[in-house]
Amino acid sequence: MTAPRRTNRPRRIARVLTAWAALCATVAFARATDAACPPARPAAEMAPTPTLEARAKALFEAGSALLAGGDHAGALDLFLQSRAILPRYANTQNAAVCLLELGRFDEALFMYEDLLAQFAGTITEAQRAAITKAIDRLQDKVGTLRLGGGEGVLELDDERCGALPIERPVYVMPGKHVVRVDNPGGRVPPVKMLTLAAGQSMRFKLDPPPPPPPPRPPPKKEPRPPRLRPGWFLEVSGGLAVGPTLGSDAEREAETNCDDCPGAVGYVVAGRGGYVLAGGAFFGFAAGYTSVSSTFTRRIEDRAFPVTYRLEHDIQFRAPFMGPVVGYRLSLGRVGLLARGALGGAYVQSSDPTGGTATNDQGSAHVLVEGRRTVLFSPNFFVMPELGIDVRWGRLHMGLSVGVLAFMMEGPAFRSRSYGVSPLGCDGPMSRAPACAPMPEPLPPQIAYRPTQLFLTQLVMSIMP
């Protein structure tokens, strides 16, 4: 008696485990069908075992008893469990009837469609007509949502309906519904609100997920302004040179008694050559030439013999110069800012040819004898700081500079200078004529120039490496 009990025990354990697994699958499926999403269709086993058949039949009979007693919710649970083990026409139809009686029309419609699709080859024409009539009646009670493709996982009213695409229509109860699509790129659209009435059908296109944003490019480094390459350079410049005065004694005396007051005006030209370093600094040699003049008129009165002498001065200042030069060019793309300075020696040539007229108290005038043109030569030192700007076209640079050309030393003096007219032919009535005025005393020595500053404005052309 004991041996048969030991033999049947493994079979009983296997039946219990099988039933438990079927029950778990049924509960999971039942929970899935609580949503408006299309329920998954259970797949029938190829060779159902007698145990599973008995279990499915027992659940079906228990559900039928509850359905006869009006317990539609309890009967639905048992029919769904039976269908999860072995889907049959009877348990599927009874589950659809329970859903219809419970007012869950969207789920009932899904169930009737499954009934028509799964058992199309076994039902009669009368059954097919009854199922089709039920489907038509339920479609007037629900809203229909037809999806237009897409990728990701569909969410309907916070219930996950599975991966897209979903080919069959989605039935929902009339009212407002929220549609989302979860995908690796985010939610597309983030939230879509839909309102469907009973019997209304709506096609909803699910946009594909957006492509991932392109990687942010690394921050661009600001291009460094191009610098001059090391190499030799050559430069020429020329422009205006002006100054208030050359500082001569004649100019000083004329400042208080002048008809046409002094002011130095002229030009300067220069050439530079040297070597440019990689950082923009450069050094080399400069040579140039400046020529300025100070033209003015001063008056001298002789009260003993009433006559006024009007002396016309044209002080000439010419100086070649040369010396070393250093500087720096700050490159700002095609534009450059420059600072440079030169110093060295100069050889100054100065002269002051003087002419004029003598006029008496009656207004008679006579031209003075022009004095001898004397040229004085003297060495000097100069300093020439400059600031400038230029624009480059390849190796050619064109620009403008302003600066000062200062000569540091005092010049020589003009000596033994006199003015007047010859007294010949001054007898009788002509004795009061300006030409008969006595020759004045010679002028004292007069400094040709003193330390002088000339302000420069130059055009510059350079060939840089």
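Reply: Let's settle one term before we start: two residues are in contact when heavy atoms of theirs come within 4.5 Å. Bear in mind, too, that this is a predicted model.

Now the helices. Two packed helices are described by the angle between their axes and the distance between those axes. Here the partners are H2, residues 50-68, and H3, residues 72-85. Their axes lie 8 Å apart, and the packing angle is about 165°. Anything over 145 degrees counts as roughly antiparallel, so that is the label for H2 against H3. The crossing of H2 past H3 is left-handed.

Who touches whom? On the H2 side, the residues that meet H3 are Leu52, Arg55, Ala56, Leu59, Phe60, Ala62, Gly63, Ser64, Leu66 and Leu67. Facing them from H3 are His72, Gly74, Ala75, Leu78, Phe79, Gln81, Ser82 and Ile85.

On to the rings. The structure has 10 aromatic pairs. Take Trp232 and Tyr275: the ring centres are 5.1 Å apart and the planes sit at 80°, so this pair is edge-to-face. Trp232 belongs to strand S9 (residues 231-243) and Tyr275 to strand S11 (residues 264-276), so to speak a link between distant parts of the chain, 43 residues apart. Trp232 is exposed, because its relative accessibility comes to 64%. Tyr275 is partly exposed, since its relative accessible area is 26%. Both rings also belong to one aromatic cluster with Phe283.

Phe233 and Phe282 give you another edge-to-face pair, with 5.3 Å from centre to centre and 70° between the planes. This pair also ties distant parts of the chain together: Phe233 sits in strand S9, Phe282 in strand S12 (residues 281-302), and 49 residues separate them. Phe233 and Phe282 are both buried.

A ring can have a charged neighbour as well. Lys141 lies over the face of Phe105, 5.3 Å from the ring centre.

Last stop, Thr144, which is found in strand S1 (residues 143-147). Buried or exposed? Thr144 is buried, because its relative accessible area is 7%, and the cut-off for buried is under 20%. Leaving aside residues up to four places away in sequence, Thr144 touches Pro169, Val170, Tyr171, Leu196, Gln200, Ser201 and Met202.

Terms used: Residues numbered from 1 in each chain as written. Predicted model: local features only at pLDDT ≥ 70, side-chain atom pairs only at ≥ 80, totals over all residues. Heavy atoms only, no water. Phe/Tyr/Trp six-rings, centres within 6.5 Å; stacked < 30°, edge-to-face > 60°. Helix = DSSP H or I, 4+ residues; strand = E, 2+ residues; numbered from the N terminus. Buried < 20%, exposed > 50% of the residue type's maximum accessible area, 1.4 Å probe, protein only. Lys NZ or Arg CZ within 6 Å of the ring centre and 35° of its normal. Axes fitted to C-alpha atoms, helices over the stretch in contact; angles between N-to-C directions. Parallel < 35°, antiparallel > 145°, perpendicular 65-115°, else oblique. Left-handed = near helix turned anticlockwise from the far one by under 90°.
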